[in-house]
Amino acid sequence: MTEPTSRRPVYLDCDTGIDDALAIAYLLASPEIELVGIGTVSGNVSAAQAADNTLRILALAGRGDIPVAVGSHDALARAFDGGAEHVHGGNGIGGVELPDTDLTPIAESAPEFLIRLAEEHAGRLEVITIGPVTNIALALRLDQSLPGRVAAVTAMGGAAFASGNVTPVAEANIWNDPEAAAVMLSAPWPLTLVPLDVTVENTFEEEHLAGLLAAEKPLARAVGAMLGYYFDFYVDLYGRRASALHDPLAAAIAVGAILPTNAPLVDVVVDATAGPARGQTICDLRGQRLGPVDQPGAHIRVVLGTDRPLDAHLLERLLA
Ligand code: BDR
Ligand code: CA
């Protein structure tokens, strides 16, 4: 049985690539929440590689007490495609070799672990997803009453008005398992969707990278080393070496440190057909021209604007 915590208990589900690593480091440095468990899923890398990356990150941070469960290798409707080496490097963390660790994953699968944590922290557990959401869909299949024990879900994924980043309309986390995303989005829990519309507007630049590389904290230096790889990938998007802060932005919104300003509650459906819109998050943003308007009965908050940029806050926590 997990000890009760006065901080808000958080379960993180991730496919530990470079921005996932930044999000983990950020959550470890956030006093508002307690990371009570991490599940991994295939996306940027395999679920097994994501767990290995996560355990090495936790070891570097001296947080080997946080349990890590390996989740689904394959998506609901197709086999794992090998990951995103061109974005995150072959090992998912930009080729950076983190020190070996004796830490190992727990025996439970990530979906089983999530269900157990929701029972142990019933009504309080908050879920953050920063990868494909296969584990979340599997947990919902195993336990349909799960939403009743989860206080909030924050998911990095999708694109509302913005273009996709894998296809013209599909964002990577949704693209990697649209069937699972459809299950998660239709479950009756309060869900905040953090799409590309806002994540690509938040960047780390050369000066942030320099700050991380000069840090005293080993984990801050390590994520700095990883970011070099990510910066190269993003030259085509930004026209300069920089990086989008997808997963850390979702984490900071979940923590409550960055506040959504333009974030209406609207219906969202995922295209899970085999056509050209596969993986698209179709957000019903009709009627939003004069400002955010909540749709009656909707339970998904789509973040289209935030109160401040993430960069300075993220850097401060990573260096603390
Ligand atoms: C998302 O896809 C992954 O490559 C990133 O880690 C992030 O979660 C952005 O589309
Ligand atoms: Ca991710």
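Student: How many salt bridges does the structure hold?

Tutor: This is a predicted model, and the structure holds 16 salt bridges. R7, E34, R63 and D65 are linked in a network of them.

Student: Which residue forms a salt bridge with R317, and how far apart are the closest N and O atoms?

Tutor: That partner is E32, with the closest N and O atoms 2.8 Å apart. R317 sits in helix α13 (residues 311-319), while E32 belongs to the loop between α1 and β2 (33-40), so the pair ties together parts that are 285 residues apart in sequence.

Student: Now for accessibility. Is R317 buried or exposed?

Tutor: Buried means under 20% relative accessible area. R317 has 14%, so it is buried. E32, at 27% relative accessibility, counts as partly exposed.

Student: What about R149 and D143: what is the distance between the closest N and O atoms in their salt bridge?

Tutor: The distance is 2.4 Å. Here R149 counts as buried because its relative accessibility is 18%, and D143 counts as buried at 13%.

Student: Let's turn to E108. Where does E108 lie?

Tutor: Look in the loop between α3 (85-88) and α4 (110-120). With a relative accessible area of 22%, E108 is partly exposed.

Student: Leaving aside neighbours within four places in sequence, which residues is E108 in contact with?

Tutor: With those neighbours left aside, E108 is in contact with A69, V70, F113 and R116. The side chains of E108 and R116 meet in a salt bridge of 2.7 Å, N to O. R116 is also partly exposed, at 28% relative accessible area. For a sense of place, A47 is 61 residues from E108 in sequence and 14 Å away in space, C-alpha to C-alpha.

Student: And pockets? How should I think about empty space?

Tutor: The general idea is that rolling a probe the size of a water molecule over the atoms shows where empty space is left. In this structure, the largest pocket has a volume of about 580 Å³.

Student: How many residues line the largest pocket, and which lie nearest its centre?

Tutor: The lining has 32 residues, and V87, N165, V166, A172 and F233 lie nearest the centre of the largest pocket. At least two lining residues come from each of α1 (18-28), α3, α6 (172-175), α10 (218-233), α11 (235-238) and α12 (246-255).

Student: How does the lining of the largest pocket divide by class?

Tutor: By class, that lining has 14 nonpolar, 11 polar and seven charged residues.

Methods:
Residues numbered from 1 in each chain as written. Chains lettered and ligands numbered in written order. Predicted model: local features only at pLDDT ≥ 70, side-chain atom pairs only at ≥ 80, totals over all residues. Heavy atoms only, no water. Helix = DSSP H or I, 4+ residues; strand = E, 2+ residues; numbered from the N terminus. Contact = heavy atoms within 4.5 Å. 1 Å grid on protein atoms, 1.4 Å probe; cavity = no way out; pocket = protein on both sides within 12 Å on 5 of 7 lines; lining within 4 Å. Points joined across faces, edges and corners; volume = space filled by probe spheres on them. Nonpolar A, V, L, I, M, F, W, Y, C, P; charged D, E, K, R; others polar. Salt bridge = Lys/Arg side-chain N within 4 Å of Asp/Glu carboxyl O. Buried < 20%, exposed > 50% of the residue type's maximum accessible area, 1.4 Å probe, protein only.
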